[in-house]
Amino acid sequence: ELARYLPNVRSIRVLEREELSAGPRLHNLWEAEARIPRVAAAFIKPTMLQWDDHARWKDRHHLCEWTIATRFFTEQVRCQGTNSFHAEGREGTRVVLAGELTISLEGFPGVPRALRSVLEPQVERFAVALILPNLRRVNEALERFLDEEG
């Protein structure tokens, strides 16, 4: 239901859900809403617009531990973190998102070994700059969803 509040997300599908005593464990498949330019269609496949979100909720601590796995360059990209929820006054909640993204350029075509250590931090900063606004939008979408659903 949250996907309808996110302009660049086509769908979020629950692939697995397990109810545990501490809170649910979820495996969701996210699919981006993006039109692949015709010139890029040869090398950008639809699966590159999907990612797996594994979440482990700890209800007692109002915390969600998550990992995101890309569907391409799966060995080179690591993304994990937590969302925690904190009461703010009588009716407010502060969400704290903490995460880490690591990208290895080992095995990327055309990237010489000597340049990897220089390029990896730059690629990581670039990726974080792209991802961070979307992570903020998820929290804004959650707020809108909760406001509308009561």
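Which strand holds Glu16? Glu16 is placed in strand β1, residues 9–18.

## Basis of the model

The model is predicted, so local features require pLDDT of at least 70 and side-chain atom pairs count only at pLDDT 80 or more, while totals for chains, interfaces and linings use all residues. Residues are numbered from 1 along each chain as its sequence is written, and side-chain values rest on heavy atoms, with hydrogens and water left out.

## Overall architecture

The protein contains one helix and six strands, arranged along the sequence as β-β-β-β-β-β-α. Helices (H or I, at least four residues) and strands (E, at least two) are DSSP runs, numbered from the N terminus. The C-alpha trace spans about 55 × 35 × 30 Å along its principal axes.

Of the 150 residues, 24% count as buried. Buried means under 20% relative accessible area, exposed means over 50%, and partly exposed lies in between (1.4 Å probe, protein chains only). The protein exposes about 10600 Å², and carbon and sulfur atoms supply 55% of that area. Accessible areas come from the Shrake-Rupley method with a 1.4 Å probe; for residues, only the protein chains shown count as cover. Among contacts (heavy atoms within 4.5 Å) between residues at least 6 apart in sequence, 36% join residues at least 24 apart.

## Surroundings of Glu16

Glu16 is partly exposed, at a relative accessible area of 40%. Leaving aside residues up to four places away in sequence, Glu16 touches Arg25, Leu26 and His27. Leu146 lies 130 residues from Glu16 along the chain, and the C-alpha atoms of the two are separated by 23 Å.

## Salt bridges

Side chains of opposite charge can pair when their charged atoms come close. A salt bridge here is a side-chain nitrogen of Lys or Arg within 4 Å of a carboxyl oxygen of Asp or Glu, and the count comes to ten. One of them joins the side chains of Asp52 and Arg71, at 2.8 Å from N to O. Asp52 lies in strand β3 (residues 50–58) and Arg71 in the loop between β4 (63–70) and β5 (77–88), so this pair ties together parts that are 19 residues apart in sequence. Asp52 is buried, with a relative accessible area of 9%, whereas Arg71 is partly exposed at 32%.

Glu88 pairs with Arg94, with the closest N and O atoms 3.0 Å apart. Glu88 is partly exposed at 40% relative accessibility, and Arg94 is partly exposed at 41%. In the salt bridge between Arg90 and Glu91, the closest N and O atoms are 3.7 Å apart. Here Arg90 is exposed at 80% and Glu91 is exposed at 74%. A network of salt bridges links Arg10, Glu31 and Glu33.

The protein carries 21 positive and 22 negative charges, whose mean positions are 5 Å apart. Lys and Arg count as positive and Asp and Glu as negative; His and the chain ends are not counted. Each charge is placed at NZ of Lys, CZ of Arg, CG of Asp or CD of Glu.

A surface patch of negative charge gathers Glu140, Glu143, Asp147 and Glu148. Patches consist of residues with over 30% relative accessible area and no salt bridge, with like charges joined within 9 Å and nonpolar side chains (Val, Leu, Ile, Met, Phe, Trp, Tyr) within 5 Å.
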